[in-house]
Structures are given as C-alpha cells and as structure tokens.
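Please open the model in the viewer and keep the selection panel at hand.

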Amino acid sequence: MSSYDVIFIGAGPGGYVGAIRAAQLGLKVGCVEGRATLGGTCLNVGCIPSKAMLHATHMLHEAEHNFATMGLKGKAPSVDWKQMLSYKDDTIAQNTGGIEFLFKKNKVDWIKGWATIPEPGKVKVGDDVHEAKHIVIASGSAAASLPGVEVDEKTVVTSTGALELGKIPKTMVVIGAGVIGLELGSVYARLGADVSVIEYLDAITPGMDAEIARQFQKMLTKQGLKFTLGAAVQGVAVKGGKATVTYKLRKDDSEHTMTADTVLVATGRKPYTEGLGLAELGVEMSDRGQIKTDSRYATNVKGIYAIGDTIAGPMLAHKAEDEGMAVAEAIAGQHPHVNYNIIPGVIYTHPEVANVGATEEMLKEEGRAYKVGKFPFMGNARAKANFAGDGFVKILADKETDRILGAHIIGPMAGDLIHEICVAMEFGAAAEDLARTCHAHPTYSEAVREAALACGDGAIHA
Ligand code: NAI
C-alpha cells in the first residue's frame with residue numbers, strides 16, 4: 001500500500017495538469033490511468049488526433065486549390081490513407097510520451113489501472129489499495145448515446161472510430177452539427193467524401209453567436225458540406241456495410257432517410273464516472289449526471305473532489321486544465337480562482353471559429369446596452385495574401401463604459417487571435433485599450449485591433 005497526499009483519478013488534461021501542479025506545490029502525488037498511454041480522450045482520441053487530421057487535410061486542400069495560383073506547379077498530392085493515420089498516431093505518441101516524461105520529471109506516480117473508491121481516503125486499483133488524503137475525480141466524459149442508434153465504431157462511429165476508419169468513406173452522414181461533427185465532417189469532406197450533416201436545431205453550433213453561425217454554415221456549404229436542419233434522428237439501421245439514418249423534420253413531422261458508408265454520431269458527451277463507486281459513497285450528482293462541487297471543487301464527501309467534464313460547465317480540455325491547477329492549489333491551501341466568464345471556445349475547421357464571453361443574443365436577453373465593432377478579414381493585407389480573406393472579427397462592448405463583453409472571430413488563426421481579447425477581458429479592458437495598442441503589420445491580429453477601432457470612431461481599412 002502506498003500513501004499519497006493526493007491521488008488524481010484520470011490522466012486527461014484535468015488530471016495530469018492537476019497532478020503536475022500538485023507535485024510542484026510539494027505534495028506527494030499519484031495519478032491513476034487505465035489506458036495504455038497518458039493524456040485521456042484529448043490526447044489519445046480527441047483534440048490532438050483530430051487536429052493532426054485537420055492539418056493534413058487542410059494541406060491537401062491548399063495543394064488542390066491554391067498552389068497553382070501561387071505558382072507552385074506539379075502533380076497534386078494523392079492521399080495515402082495508411083500514412084495519414086500513421087502521422088496522426090505519431091502525433092499522439094509524441095504527446096502522450098511527453099506527459100509520461102513530465103510525470104517522471106515532477107515525481108508524479110502513474111498508477112496503472114482503473115480506480116474505484118472503496119471509502120474516503122482510499123483508492124483501489126486492481127488488488128492494490130492506496131491511501132490518499134485527497135482524491136480528485138478527473139475521469140472525463142464519453143460520447144452520449146442516442147436512442148435507436150447502436151455504435152459499432154466501424155460503420156456507425158463516434159469521434160473515436162472516425163479517427164481510424166479502415167478507408168475513406170465515399171458518403172458520410174454526421175448526426176449533430178456541433179464541434180465534433182463539423183471538425184470531423186470537414187476532414188472527410190476535404191478527403192472527397194460526400195458529407196451530410198443532420199442537426200436537430202434550426203442552426204448549427206448551438207450557443208454560438210447567431211451571425212457567426214450563419215456565416216460559418218455558408219462557408220462550410222461552400223466547402224461541400226450539406227445541412228439538414230430542424231431534423232430529429234430517430235434511428236440508424238446497418239445493412240450490407242451501409243447505414244441508413246431515419247430522421248423526422250420537426251416542421252411537419254415528415255419521415256425521411258439518408259444512407260451512407262459511415263455515420264458519425266456527434267450529439268454530445270456525458271460525464272464518465274462509472275465504476276468509481278460514487279453512489280455507494282453518497283457523492284451528490286446533478287440530474288444531468290454531473291458531480292456537484294463547491295467553488296473549491298470539493299464534493300459533499302470530505303476529501304473527494306471533482307473537476308473537468310465530470311462537473312458542470314463546458315466540456316473543454318482547457319477548462320479542465322484550469323480546474324486541475326485550481327484544485328491542486330486549493331488542496332495545497334491556496335486560494336485559486338477560475339474565471340468562467342472568460343473561457344474561450346474554438347472550432348478548428350478552416351477557417352477557425354473562436355469565441356469568448358457574451359454573444360449578441362445573450363446581451364439582448366439581459367437587456368444590456370452594447371455596441372458592435374466588426375472588421376472583415378478582406379480588409380487585412382496578410383489575410384488577402386494567404387487566401388484567408390473570408391470571415392470577420394466582431395467585438396461586443398458595453399455602450400456606456402466601452403468595456404469588452406465578448407468577441408467572436410471566424411477567420412484565419414481565430415483560435416489564436418481570440419487570446420489577446422481574453423487577456424484584455426481578464427484585465428477589464430475597454431475596446432479603446434485594444435484599439436490604442438500597437439499591432440505589428442502585416443498580421444492577422446490587426447483585424448482584432450480594427451474591430452476594436454470599429455467600436456469607437458471607426459476602423460481604418462473597412
Ligand atoms: P455538441 O454538444 O457540440 O453538439 C451536438 C449537436 O447534436 C447539437 O447541435 C445538438 O442539437 C445535436 N443533436 C442532438 N441530438 C440530435 C438528434 N437526435 N438528431 C440531430 N441532432 C441532434 O456535441 P459534440 O460535437 O458531440 O461534442 C461533444 C463535446 O466535446 C462538446 O462539449 C464539445 O465542446 C467538446 N469538443 C470540443 C472541441 C473543441 O473545443 N474544438 C472538439 C471536439 C469536442
């Protein structure tokens with residue numbers, strides 16, 4: 001039996017980051033992980049592999065569409081699917097190996113296996129029982145199931161199966177126009193698949209600023225994705241290696257079908273806490289299956305904490321990371337704080353879509369007086385040179401005080417550009433503060449400054 005100050009259960013972005021921070025703060029730390037490699041869903045079957053596939057297929061798109069214009073002549077590349085998957089696997093291995101190195105460097109023990117909590121203060125892994133003054137549940141999430149749909153990870157897949165298909169499908173139906181559906185739908189559309197997306201709501205990417213969502217849908221449609229909105233999927237039947245999706249249009253209840261080589265189910269995720277023994281311990285859960293915690297991530301059972309996808313809030317790796325650091329600091333006696341108003345969201349399609357803070361719809365609902373500063377990438381010299389002139393930056397600021405309330409970007413490197421606005425918001429900046437900050441020319445970030453200028457006397461290049 002080993003004895004720890006803290007054991008993290010799960011080595012995803014929440015657990016591994018928390019474990020490292022706890023070790024840096026002088027605690028004796030163990031981290032239980034049952035997968036063969038560290039990094040959780042994000043590194044093994046989520047964020048990282050999907051980004052490798054998005055990068056590879058974007059390069060293909062550039063070669064097919066823009067190389068000749070730039071005077072880069074020659075045969076267009078063909079796709080070696082096996083090699084593309086192996087590049088993706090190498091990317092995963094480099095990253096998961098990196099976490100193993102960091103664990104050794106920081107003296108975090110990787111306890112291999114699946115954990116249960118037989119009683120507060122104890123974590124059982126296989127036949128071993130470890131003692132821990134504090135236990136942090138960071139066990140993540142799993143794809144939510146859809147009634148009438150059986151996932152076999154071959155013909156009917158979640159994001160996990162979609163990242164290792166035996167071959168590139170000719171036709172694909174994506175159920176759910178959320179982040180996973182659109183990122184992976186884009187990958188296969190670029191690889192030549194005929195991709196149709198079926199979405200329950202009347203707009204794609206629920207919760208996103210509506211103007212951005214409309215523009216995003218137009219751009220994806222131009223890239224070949226087809227959308228059926230306002231449609232509730234009823235079930236999927238597999239026959240002869242093909243899948244037929246039955247759905248009902250909400251406007252008239254009419255029933256329709258769509259058949260494809262592959263169906264990707266991307267209708268959300270749910271907390272994964274099975275097998276931990278939480279019910280027996282009396283850990284309080286919400287009716288959405290999330291673990292209830294206080295502001296220091298403590299559950300109602302003394303010594304047991306929870307973070308990341310297992311608790312309330314957006315299911316995002318970076319939100320889990322912040323909570324991992326915060327819970328470690330709380331256990332070490334510090335007073336951490338996560339600012340939930342400033343958690344950026346990014347969709348890594350091309351172009352990227354990024355947001356932080358309030359949407360226009362939220363501000364209208366609050367009845368708040370606000371102003372909008374917008375700037376199109378068409379007015380940005382760098383974007384024009386790089387075939388990236390589609391899209392815009394939109395900054396929402398308080399009408400009276402000019403304080404930035406939210407920002408929405410659709411365009412090149414949106415996922416990176418959003419962070420200067422996050423920092424500005426963290427410091428309570430006004431749009432004018434951004435507008436008066438010198439931005440290097442020529443960079444995409446000038447579009448952010450121009451949007452900030454547009455909140456005041458006007459952008460220069462629009
Ligand atoms: P999501 O919640 O983003 O989108 C699911 C979509 O499916 C919604 O638009 C919903 O209306 C639709 N839907 C639900 N039931 C349906 C039905 N019966 N018929 C048709 N449509 C239906 O969920 P998604 O894309 O599966 O992602 C899961 C989680 O993973 C999210 O919380 C997401 O934030 C996270 N994630 C984040 C990424 C990023 O930050 N880039 C990348 C991938 C995942």
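Begin with the ligand and select valine 233: a backbone N or O atom of this residue lies 3.2 Å from a nitrogen atom of the ligand, a polar contact (a pair of N or O atoms within 3.5 Å; within protein, one must be able to donate a hydrogen and the other to accept it, and residues adjacent in sequence count only if both atoms are side-chain atoms). The model is predicted, so local features need pLDDT of at least 70 and side-chain atom pairs count only at pLDDT 80 or more, while totals for chains, interfaces and linings use all residues. Residues are numbered from 1 along each chain as its sequence is written, and side-chain values use heavy atoms, with hydrogens and water left out.

Next, select valine 179, of which a backbone N or O atom lies 3.2 Å from an oxygen atom of the ligand. Isoleucine 180 has a polar backbone atom 2.9 Å from an oxygen atom of the ligand. Now widen the selection to the 22 residues around the ligand, of which Ile180, Glu183, Glu199, Gly268 and Val346 come nearest; a residue belongs here if one of its heavy atoms lies within 4 Å of the molecule.

Move to threonine 91, which lies in helix H4 (residues 81-106); helices are DSSP runs of H or I with at least four residues, numbered from the N terminus. Leaving aside residues up to four places away in sequence, threonine 91 touches Ile48 and Ala52, contact meaning heavy atoms within 4.5 Å.

Then display helix H3 (residues 47-65) with H4; their axes come within 9 Å and cross at roughly 140°. Axes are lines fitted to C-alpha atoms, for helices over the stretch in contact, and angles run from 0 to 180 degrees between N-to-C directions. H3 and H4 are therefore oblique to each other (under 35 degrees counts as roughly parallel, over 145 as roughly antiparallel, 65 to 115 as roughly perpendicular and the rest as oblique). On the H3 side the contact includes Ile48, Pro49 and Ala52, and on the H4 side Trp81, Thr91 and Asn95 are among the residues involved.

Finally, select helix H1 (residues 13-24) and helix H9 (residues 317-331), which pack at an angle of about 30° with their axes 7 Å apart. That angle makes H1 roughly parallel to H9.

Key:
Helix = DSSP H or I, 4+ residues; strand = E, 2+ residues; numbered from the N terminus.
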